[in-house]
Amino acid sequence: QVQLVESGGGLVQAGGSLRLSCVASGRTFSANALGWFRQAPGKEREFVGGISGSGGLYYANSVKGRVTISRDNAKNTVYLEMNNLRPEDTAVYYCAASPRNWAGSGPYDYWGQGTQVTVSS
């Protein structure tokens, strides 16, 4: 099993920035591909972006150019840096892990509990 814990969410004004973190523990060798998702109230969960075990990156068009995903394998941590935030970015953000090298937008095997991001206008 892999446990994922997100942090770094909060309230930010439009145009601001946040960096979310997700720390993996347990069978971390099963946390190879890592992804970020978000779910706004009343909406379906949305893929934000992902990073493969070898460092390849993929971002959803809705956030491309405003977010950067990175990973620190020594710390078993993946980051989601978001800039120029908009009110429509308000959502619960989740990280997810897969033992495959690349999982793209899914499916993923392990999920965190999520961290709330609220962007005020």
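I started with Arg 100, which counts as partly exposed at 36% relative accessibility. My scale for this: buried is under 20% relative accessible area, exposed is over 50%, and partly exposed is in between, with a 1.4 Å probe and protein chains only. Asp 109 is partly exposed too, with a relative accessible area of 43%. The side chains of Arg 100 and Asp 109 meet in a salt bridge, 3.7 Å from N to O. I call it a salt bridge if a side-chain nitrogen of Lys or Arg is within 4 Å of a carboxyl oxygen of Asp or Glu.

**Ground rules.** I am working on a predicted model, where local features need pLDDT of at least 70 and side-chain atom pairs count only at pLDDT 80 or more, while totals for chains, interfaces and linings use all residues. Residues are numbered from 1 along each chain as its sequence is written, and side-chain values use heavy atoms, with hydrogens and water left out.

**Other salt bridges.** How many salt bridges does the structure hold? I get four. One of them joins Glu 46 to Arg 38, at 2.8 Å from N to O. Glu 46 is partly exposed, at 28% relative accessible area, whereas Arg 38 is buried at 7%. Next I checked Arg 66 and Asp 89, whose side chains form a salt bridge at 2.7 Å, N to O. Arg 66 sits in the loop between strands E6 (57-59) and E7 (67-72), and Asp 89 in the loop between E8 (77-82) and E9 (91-98), so the pair ties together parts that are 23 residues apart in sequence. Are Arg 66 and Asp 89 buried or exposed? Both are buried. I also noted that Arg 38, Glu 46, Arg 66 and Asp 89 are linked in a network of salt bridges.

**Aromatic rings.** I count six aromatic pairs. Rings of Phe, Tyr and Trp (its six-membered ring) pair if their centres lie within 6.5 Å; planes under 30 degrees apart are stacked, over 60 edge-to-face, and the rest tilted. Phe 37 and Tyr 108 are edge-to-face, 5.5 Å centre to centre with 85 degrees between the planes. Phe 37 is in strand E4 (residues 33-39) and Tyr 108 in the loop between E9 and E10 (110-111), so this pair ties together parts 71 residues apart in sequence. Phe 37, Phe 47, Tyr 58, Trp 102, Tyr 108 and Trp 111 form one aromatic cluster.

**Arg 45.** Its charged end sits over the ring of Phe 37, 5.7 Å from the centre. Arg 45 also lies over the face of Trp 111, at 3.9 Å from the ring centre. My cut-off is NZ of Lys or CZ of Arg within 6 Å of the ring centre and within 35 degrees of the ring normal.

**The sheet.** Four strands make an open antiparallel sheet in the order E1-E3-E8-E7. Strands pair if DSSP finds at least two bridges between them. E1 (2-7) and E7 stand at the edges with a single partner strand each, so one side of each is left without a neighbour in the sheet. E1 pairs with E3 (residues 18-26) over six bridges, in the antiparallel sense. I looked up Val 5, and its bridge partner in E3 is Val 23.

Definitions and conventions
Helices (H or I, at least four residues) and strands (E, at least two) are DSSP runs, numbered from the N terminus.
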